[in-house]
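I opened a new structure today and kept notes as I went. Here is what I looked up, in the order I looked it up.

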Amino acid sequence: MDDFLYQASIYLAAAVIAVPLSARLGLGSVLGYLAAGIVIGPVFGLVGAETESLQHVAEFGVVMMLFLIGLELEPRALWDMRDRLLGLGGLQVLLSTAVIAAVAIYANHPWSVALAVGLTLSLSSTAIVLQTLSEKGLMQTNGGRATFSVLLTQDIAVIPILAMLPLLALPAMPHIESDGSIDRGADALHEAGHHSLSLVEGLPGWAVTLVTIGAVAFVILAGIYLTRPLFRFIHATRLREMYTALALMIVVGISFLMTLVGLSPALGAFLAGVVLASSEFRHEMESDLEPFKGLFLGLFFITVGAGIDVGYFFNDPLDLIGLALLVILAKGIILYLVGRAFRLRGRDHWLFTLGLAQAGEFGFVLLAFSTQQNVIPPDLSQKLLMIIALTMLITPLLFIIFDLLSRRMGDGVPEAEPDEIDEKGPVIIAGIGRFGQIVNRLVRASGFKTVVLDHDIETIQLMRRFGVKGFLGDPTRPELLRAAGLEKASVLVAAMDDPKQVTRLVGFARRQRPDLHIVARARDRTHVYQLYQAGANDIVREMFDGSLRAGRYVLENVGLSEYEAAQAEQTFYHHDRASVRDLAELWIPGMPTGENKKYIERARQLEKDLETELLELAEKHAKKSA
């Protein structure tokens, strides 16, 4: 117990110190975790033998991460990604494997060893890349989606790779028995499993296929039919911690089932997340599992840093660093060409190229398995482990290079790929900030369907977490408005923050639809005049109504009754609206208001009229009270 508490204190203290420091320096949390592991492991030797076993536990963070990503993807969205999964991901894995294997053959390794090395190094780090994309808000960009597609393809590819590796073993090649089962030899078969339990061990090929399909089908059906009754049962207990226990049970149970049939736990968790993406309990599971995911991933990165063999590294550091950079360079060139072939451009292209150039944590699993199967010699396996670890250590630096390139190319954040709009409604709301949110809530709560458009990724993601579906894209783009149903909509609400965008949107919509009713948000009185000229029907100054209500509260507390204050508020409101329409006729674009004599004279006259109206209203109230 004392030893456990000591080790836990060391790991937590290292994370608490190194990660915030790394984040403050702009290096990201991943590099902080890796640096913390190096300090407490190879540098000071505070941790040691338990690192490898902890790493197996910490890999569960990757499983949780893929489950949470699956919760954000509906099955239709996954189906829409099929071209990228097969094209981008498949081409990257095949080309990377071929190039790295060719280099290994040139280095005098047997073709079977070279192929195993190529397959191992072709995979990238799901944990580091997805964590960094999430931190930097890049997940929903075009480059982020392309990167995720490749990572998902790689996770799926682990399954056939694990099945293929035993066939590459030099001694005791496996053969097929008369009953159709694969005989790998008793020793190899015993060592091959990552666990002692298996539902498919010793079964003929057709039975393995049936059991595997049955396990996948069970996950899908359980997600559709069993989760709702389970959550209702837990809800009846009114114990908050039971929600967390159930969410953990779902992920752990699915992961265990996948290992029993020889599939990747991460892939099974992702599949379960996709099935549950449309569930009303999705947000509950996200909030329950998010802290565990962060802790496990952090622990995983620390163990990677702590597990580096510094002695082996310093035996030939230049050779190891050179090989790690060669892997990154080779994969980077392949990714650049693949991205170009799939029409990635600019910052999205560089994100795709630099983000996936490293080797990944699945490489550790494949190397251990390859060594057990006598596919890769132990001395080469040790070198490859160090190369993988070094590429993962270099990855945060690659993202720093991406940030520098992004700033040189323009904004620090890549342009997001607009969503494909698959809904239409009578009301289009352009802009879902603090102004548009209120409008949207009122209209939807009243039973009318809205189509929400916004160019900000974080805003769209936040609204989706609250169950409000929005579409990412620039609301001023004609094709986006047409896709949202501008031709048949009854009302357009222009609620963006930027006054120029609002004016441009109103002008375009009025030209396209002279009969459309347009409600526009105005920054100030000058912007009101611009919107009138652009063709808006109803114009709402963003501060006007709030300020008017505040003025009414003042009147109520200086002597007027609530009724009298409300009457004064209404009088001011109607007079001001009429005045704005009147003054809009005299307003001249480009001329400062203070230099427009006719405007000033008319404004003064209207102000006197307002004072007269309010005084008459006060006298009327005084006579009634007398």
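**Entry 1: the whole chain**

First reminder to myself: this is a predicted model. I looked up the secondary structure and got 28 helices and 8 strands for the protein chain. The chain has 626 residues, and buried ones make up 46% of them.

**Entry 2**

Next I went for the strands. I found an open sheet of 6 strands with parallel pairing, and I wrote down the order as β5-β4-β3-β6-β7-β8. Which strands stand at the edges? They are β5 (470-472) and β8 (538-541). Each has a single partner strand, so one side of each is left without a neighbour in the sheet. Ignoring direction, neighbouring strands here are turned by 20° against each other on average.

I zoomed in on one pair. Strand β3 (residues 427-430) runs parallel to strand β4 (residues 450-454), and 4 bridges join them. In this pair I spotted Ile429 opposite Val452 in β4.

**Entry 3: salt bridges**

How many salt bridges are there? My count came to 8. I picked a few to look at.

Lys383 and Asp319 form one, with their closest N and O atoms 3.4 Å apart. Lys383 sits in helix α20 (residues 378-409) and Asp319 in helix α17 (residues 317-341), so this pair ties together parts that are 64 residues apart in sequence. Are these two buried or partly exposed? Lys383 is partly exposed at 27% relative accessible area, and Asp319 is partly exposed too, at 29%.

Asp497 and Arg521 form another, and here the closest N and O atoms are 2.9 Å apart. Asp497 is in the loop between β6 (491-494) and α24 (499-512), while Arg521 is in strand β7 (residues 517-522), 24 residues apart. Arg521 has a relative accessible area of 3%, and buried means under 20%, so I noted Arg521 as buried. Asp497, at 44%, is partly exposed.

Then I looked at Arg552 and Glu569, whose side chains meet at 3.2 Å, N to O. This pair links helix α26 (residues 544-556), where Arg552 lies, with helix α27 (residues 562-584), where Glu569 lies; the two residues are 17 apart. Glu569 is buried at 14% relative accessibility, whereas Arg552 is partly exposed at 22%.

Last one for this entry: Arg525, Arg541 and Asp576 are linked in a network of salt bridges.

**Entry 4: a nonpolar patch**

I finished on the surface. Phe218, Ile220, Leu221, Ile224, Tyr225, Leu226, Leu230 and Met249 form a nonpolar patch there, and together they have about 770 Å² of accessible area. Which element gives the largest share of the patch? That is helix α11 (residues 205-225), with 5 residues.

I looked up one of the patch residues on its own. Leu226 is in the loop between α11 and α12 (227-237). With a relative accessible area of 45%, Leu226 is partly exposed. A patch residue needs over 30%, so Leu226 passes that cut-off.

Conventions:
Residues are numbered from 1 along each chain as its sequence is written. This is a predicted model: local features need pLDDT of at least 70, side-chain atom pairs count only at pLDDT 80 or more; totals for chains, interfaces and linings use all residues. Side-chain values use heavy atoms; hydrogens and water are left out. Patches are made of residues with over 30% relative accessible area and no salt bridge: like charges are joined within 9 Å, nonpolar side chains (Val, Leu, Ile, Met, Phe, Trp, Tyr) within 5 Å. Accessible areas come from the Shrake-Rupley method with a 1.4 Å probe; for residues, only the protein chains shown count as cover. A salt bridge is a side-chain nitrogen of Lys or Arg within 4 Å of a carboxyl oxygen of Asp or Glu. Buried means under 20% relative accessible area, exposed over 50%, partly exposed in between (1.4 Å probe, protein chains only). Two strands pair if DSSP finds at least two bridges between them. Axes are lines fitted to C-alpha atoms, for helices over the stretch in contact, and angles run from 0 to 180 degrees between N-to-C directions.
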